[in-house]
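Hi,

Here is the structure I promised to pass on. Have a look at it first, and then read my notes below.

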Amino acid sequence: MDGLSGPADERVRWIGDALHKLTGTEPTLDRSRAGCTRLSVRVTEQPDRTQTLAVLRILRLGDRFGHTETARWERIWVEVCDQPAQPAAPQVPPAAQP
């Protein structure tokens, strides 16, 4: 987890360390041009309920997370961005003209 640069690197390190401890697998890191770091861990065994809930709590600390599955492997991933995307403002329809 060393060698990271950017405002979110402490959060990336913390999430990566926690995923490593919970899964026994060190996450792989990919940095996007948009300023996001994606940590991903290959799922090698079916976790129990307690471990699943702990992993989900850690994934929630990221800006986005998900699961990828192919015929050969499964992977969980979490993204941490230097500047998290702001939620879109609700679209308010124009008021009806009398």
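Let's start with a salt bridge: the side chains of Asp63 and Arg11 meet at 3.2 Å, N to O. This pair joins distant parts of the chain, since Asp63 sits in the loop between α2 (49-59) and β3, while Arg11 belongs to helix α1, 52 residues apart. Keep in mind that this is a predicted model. Asp63 is partly exposed, with a relative accessible area of 29%, and Arg11 also counts as partly exposed, at 28%.

There are five salt bridges in the structure. Another one stays within helix α1 (residues 9-23), where Asp9 and Arg13 are four residues apart, about one turn of the helix. Their closest N and O atoms are 3.5 Å apart. Asp9 has a relative accessibility of 17%, so it counts as buried, whereas Arg13 is partly exposed at 29%.

Next, take a look at Glu79, in strand β4. Is Glu79 buried or exposed? With a relative accessible area of 10%, Glu79 is buried. Glu79 forms a salt bridge with Arg64, and the closest N and O atoms there are 2.1 Å apart. Arg64 lies in strand β3 and Glu79 in strand β4, so this pair ties together parts that are 15 residues apart in sequence. Arg64 itself is partly exposed, at 44% relative accessibility.

Arg38 comes in here too: the side chains of Glu79 and Arg38 make a polar contact at 3.0 Å, and Arg38, Arg64 and Glu79 are linked in a network of salt bridges. Leaving aside residues up to four places away in sequence, Glu79 touches Thr37, Arg38, Gly62, Asp63 and Arg64.

What about disulfides? The count comes to one. It is formed by Cys36 and Cys81, whose sulfur atoms are 2.0 Å apart. Cys36 lies in strand β2 (residues 36-43) and Cys81 in strand β4 (residues 74-81), so the pair ties together parts that are 45 residues apart in sequence. The link is right-handed, with 100° about the S-S bond, and both cysteines are buried.

Last, the surface. Leu53, Leu56 and Phe65 make a nonpolar patch of about 240 Å². Phe65 is found in strand β3 (residues 64-69) and counts as partly exposed, at 40% relative accessibility.

Cheers

Notes. Residues numbered from 1 in each chain as written. Predicted model: local features only at pLDDT ≥ 70, side-chain atom pairs only at ≥ 80, totals over all residues. Heavy atoms only, no water. Patch = residues over 30% accessible without salt bridge, like charges linked within 9 Å, V, L, I, M, F, W, Y side chains within 5 Å. Areas by Shrake-Rupley, 256 points an atom, 1.4 Å probe, with all protein chains shown as cover. Salt bridge = Lys/Arg side-chain N within 4 Å of Asp/Glu carboxyl O. Helix = DSSP H or I, 4+ residues; strand = E, 2+ residues; numbered from the N terminus. Buried < 20%, exposed > 50% of the residue type's maximum accessible area, 1.4 Å probe, protein only. Disulfide = S-S within 2.5 Å. Polar contact = N/O pair within 3.5 Å; in protein donor to acceptor, adjacent residues only side chain to side chain. Contact = heavy atoms within 4.5 Å.
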